[in-house]
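Here is a short briefing for a reader who is new to this structure.

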Amino acid sequence: MPPLDSVLAGFADAFTLFNLLFVVAGVAMGQLVGAIPGIGPVMAMAIAIPFTFTLDTLPAVSFLVGIMKGGLFGGAIPAVLINTPGTPDAAATTFDGHPLAAKGKPLKATKMALYSSVTGDAFSDMVLILASAPIAVIALKLGPVEVCALMIFAFAVIAGLVGDSLIKGLIAALLGLLLATVQLDPEQATPRFDFGYFQLYDGVNLVAVAVGMLAVAEIVRRMAEHDGRPQPAAVPQSEEPGARGVSWREYWGCRWTMLRGALIGTGLGALPGLGSTAAAFMSYASAKRGDPGGVPFGEGNLRGIAATESANSAVMGANLIPLLGIGIPGSVSAALLISAFVIHGIQPGPLMFRTQPELVYGIFGAMLMANLCNLIVGQLSLRAWSAAVKAPASFIFPAALIFCIAGVYLSSGGLFGVSIMLIAAAVSLTLTAVGIPVIVLLITFFLGRRFETSLSQALTILDGDPRALTAHPVALILLVGALATGVWMARRR
Amino acid sequence: MKKLLLGLGALAFSAGTALADWSPSGPINLWIGFGAGGETDTLGRLVAQEMSDATGWDIVVENKPGGGGMAMFTQLAAYPADGQTLGMGVTMPVLVNLTIRPDEVPFDLDSFDYIGTVALAQLALVAPADAPYDDLAGLIEYSKEKGGALVAFDAKPQELLMGVVNAQSEAGFKMVTTESSAEALQNLLGGHVDAAFNAGAHIPYLESGELKMIASANASRHSYAPDTGTVREAGYDIYVDPWFYIAAPDGLPEETHTALSEALNNALQSDAVRDAIEKTMHTEPADMGPAETKAMMEDGLKNVGSLFGQ
């Protein structure tokens, strides 16, 4: 634990009006882009990163954290209102959110989503704040061999958990690793797969690939599927008592569901690479196995909403545990956050607790603030976002596409990045069409470079001799765990 | 009225010529061979700001990342030599590429006119404070006993330098690649490697007494550790000198070249630049001037050649 005075100084840095302004702006932006299907916080972050360059580190990161957190809840709004998740994480929110809205209670459903999202998020933040300093101390003891084993374990779980088949998950994971090999190799600095482009010496630009595969592909898909008809009209709000809000009793009745969701989200989030979508589905499935309360699941059960929203939001805070602990990103947004850190000349990792304790606790303070802002901004602007959900596609998609191009142009230093983005979008559409989970590809791509480096480090340290692993029991346990997970996942399907 | 305008015009003209014999015909582009943020970018933007404040020139900074500056210099070499376009980069990646794949690189050292240097990164070899060795000779001895000490590095030339030491001393160092100097430091503090290269981030740990400096990998000793010898002093005729420098396409008119070099030199005298260089790189601004910079590049190429054993 860093000295208390730097912890307090960090929180004091965070709780300023200036910073609050950026947090509120970030949260509002995150909720808005989350609420509009087809664009999401990943795109918003990618576009915002070059603009945060002129800011100090803390307001810059606060703003980005605000976007991440706002997006956590924003995605639930269209899921409830028009049965279309605004972000992939909110897919499971449609199961019970939309039926409840169809019963004339859209406000009740969105508010439940908001409260459980904030609850899950708060839980996860607490775990992050309390656990990350001790974890950073332990993480320093984790050498390259252990980190390498941890990543193999994470890959096994990701490939098995996401998507509809283990084989397709593995294909996606390997494609991501293959894409990560485009760069100078970490040992000999020999250019690989550069096809004569110097721009590829540093690897394929991360922001360009993320925006292309997630945002542009989604925009193109929605444009292609758009049939010219206006969005389905949302069901009118019924005026009967209890239809507009969530009572304390109803909220409290979901406490175990939310706690379970928060635990699942935090647990999965702490493992590098596992996204909030997986957490939301897992939490929903386990809530379904439990006691449904009054209404069956799938027909507008508040617990169904609570389960998914608490879980997908709990992922975000926990995602920063591997980022701050070992310096590897837990998700696509965390990877973007790393690139923002690097822009400000900071290398995330356990040493941050030593060299920049104020900044770390400043970020924690900003996260708590963002959480509260999520609640307040969400309460105040629900109606505005509901209107945004109904914004005409003919306006939203072209505008979003221009933002994608501008954002990638700025952050990747030119049109080369834009071409990469367009290629990535085409690849993403093709892979999705054959059922290969693009998100797995992205995660292994982000982790690929780091994985290759730790593999090379591990081989040097072990002298290439697998028997030397016996001196690294933690790594051994993780490798056995990876194998067991693979076998278990394959059997379960 | 007409007289007044004429007078003002003459005044403006003479003020312009008093500063320098050349002035740009529009905004000057300063290209940075690395992404936004990071050392080169931070330094470049500061220098551009100072140059612009002092001369009144409009200097636009643009990031052109890729291949440690190779993408930027490739483009720069093809631009007209009118002083309107400059590039800032680091020597090491350029010299390494010119050494190992000269046929693929579309430029050479003569493709540029050198405006000057900005600073020299001070590269140190460091070890945990409680390690049983205090200098390079001790580390070599330890490595022989242990059957290969682990040394973390984050750039190719550092590995090559230790390769030269290995070849001469048969120390048997095992080189561990890392992605950043922070990661190298992390592995050193975690006890996973025996020594590591670092260019500044290690200084707080020297002060806190957790690390000690084994050797300077530069041609000379470091300003903050004048008592620690260099690798060359230990008897290995090799060094790594990563200079930050600014260049323009070859063929600048004489007065343009002089005006730009003077503007750079003046900018480096400012307190703001000095502070920034001390803060980000733990070293001092150092401008060698155009001729010396060119000579440094040529010597550097020879030195990198010997790093690669060519």
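Buried means under 20% relative accessible area, exposed means over 50%, and partly exposed lies in between (1.4 Å probe, protein chains only). This is a predicted model, in which local features need pLDDT of at least 70 and side-chain atom pairs count only at pLDDT 80 or more, while totals for chains, interfaces and linings use all residues. Residues are numbered from 1 along each chain as its sequence is written, chains are lettered from A and ligands numbered from 1 in the order in which they are written, and side-chain values use heavy atoms, with hydrogens and water left out.

**Aromatic pairs**

- Helices (H or I, at least four residues) and strands (E, at least two) are DSSP runs, numbered from the N terminus.
- Trp31(B) is buried, at 2% relative accessible area, whereas Tyr79(B) is partly exposed at 37%.
- Phe73(B) and Tyr245(B) have ring centres 5.6 Å apart and planes at 5°, so this pair is stacked.
- Here too distant parts of the chain are linked, with Phe73(B) in helix α3 and Tyr245(B) in strand β10 (residues 243–249) of chain B, 172 residues apart.
- Phe73(B) is buried at 0% relative accessibility, and Tyr245(B) is buried at 1%.

**A charge over a ring**

- Lys64(B) lies over the face of Trp31(B), 4.7 Å from the ring centre (the criterion is NZ of Lys or CZ of Arg within 6 Å of the ring centre and within 35 degrees of the ring normal).

**Helix α3 of chain B**

- The buried residues of α3(B) are Met70(B), Ala71(B), Met72(B), Phe73(B) and Leu76(B).
- They pack against β1, β3, α4 (91–100), β4 (112–120) and β10 of chain B, where contact means heavy atoms within 4.5 Å.

**Chain A**

- Phe11(A), Phe15(A), Phe353(A), Tyr361(A) and Phe364(A) form one aromatic cluster.
- Leu175(A) lies in helix α9 (residues 166–180) of chain A and is partly exposed, with a relative accessible area of 32%.

Note on methods:
Rings of Phe, Tyr and Trp (its six-membered ring) pair if their centres lie within 6.5 Å; planes under 30 degrees apart count as stacked, over 60 as edge-to-face and the rest as tilted.
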